[in-house]
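Student: I am new to this structure. Please show me how to read it, one feature at a time.

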Amino acid sequence: MQGSYGRAAAFAALAISVMAIAAAQCASAQPADSADAKVEHGKAIYAEKCSHCHGPGMLNAGTITPDLRKFPDDHDRFVTTVKQGKNNRMPPWGDILNDDDIANLWAYISSRRSQ
Ligand code: HEC
């Protein structure tokens, strides 16, 4: 008798601690618009829309695309280039990407800046 009561109590204690861990993980989950989430989203957009020209690591050696890790901390210039393109070589994205997408790209590129 004692043995089975002990197992039940142990099971109950285990169940309670599992629920406590799950609740703690929920409480610490990042909100969707946190800085990390923006960088992650920007990284995904970059991989899909930009990396075939600019390279997977923001540098495409031997091509005319600039090293984006060296792009200056100039948000307005970034948004203008991405929306309108540049010199007929960088294509415009204003009809394809919305402001959130571009903000997430900026978060990602800013997070990898090397200067
Ligand atoms: C078809 C190839 C191509 C794609 C796709 C492309 N780019 Fe470019 N990008 C270029 C070229 C070429 C340049 C250099 C333009 C120049 O200076 O004449 C450039 C330049 C830039 C610059 C520097 C502009 C400046 O003011 O100096 C930024 C920033 C940039 N691209 C961001 C992006 C982002 C973000 C994406 C994805 C949404 C992207 N590019 C997709 C080809 C591309």
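**Reading the model**

Tutor: Start with the ligand: 20 residues surround it, and the closest are Cys50, Cys53, Asn87, Arg89 and Met90. A residue counts as near a molecule if its C-beta atom, placed from the backbone, lies within 6 Å of it. This is a predicted model: local features need pLDDT of at least 70, side-chain atom pairs count only at pLDDT 80 or more, and totals for chains, interfaces and linings use all residues. Residues are numbered from 1 along each chain as its sequence is written.

Student: Which helices each supply at least two residues of the shell around the ligand?

Tutor: Helices are DSSP runs (H or I, at least four residues), and strands are too (E, at least two), numbered from the N terminus. Here α2 (35-54) and α3 (75-84) each supply at least two residues of the shell.

Student: How does the shell around the ligand divide by class?

Tutor: Ala, Val, Leu, Ile, Met, Phe, Trp, Tyr, Cys and Pro count as nonpolar, Asp, Glu, Lys and Arg as charged, and the others, Gly among them, as polar. The shell has twelve nonpolar, four polar and four charged residues.

Student: How many helices and strands are in the chain?

Tutor: The chain has four helices and zero strands. Along the sequence the pattern reads α-α-α-α.

Student: At what angle do α2 and α4 pack?

Tutor: Axes are lines fitted to C-alpha atoms, for helices over the stretch in contact, and angles run from 0 to 180 degrees between N-to-C directions. For α2 and α4 the angle is about 100°, with axes 7 Å apart. That makes α2 roughly perpendicular to α4. The cut-offs are under 35 degrees for roughly parallel, over 145 for roughly antiparallel, 65 to 115 for roughly perpendicular, and oblique for the rest. The residues of this contact divide into eight nonpolar, four polar and three charged.

Student: And at what angle do α3 and α4 pack?

Tutor: α3 and helix α4 (residues 99-111) pack at about 125°, with their axes 11 Å apart. They are therefore oblique to each other. Contact needs C-beta atoms, placed from the backbone, within 7 Å. His75, Phe78, Val79 and Val82 in α3 meet Ile102, Leu105 and Trp106 in α4. Those residues divide into six nonpolar, one polar and no charged.

Student: Is alanine 37 buried or partly exposed?

Tutor: Count the other C-beta atoms, placed from the backbone, within 10 Å of a residue's own: 20 or more is buried, 12 or fewer exposed, in between partly exposed. Alanine 37 lies in helix α2. Alanine 37 has 14, so it is partly exposed. Of the 115 residues of the chain, 9% count as buried.

How values were computed. Two residues are in contact if their C-beta atoms, placed from the backbone, lie within 7 Å.
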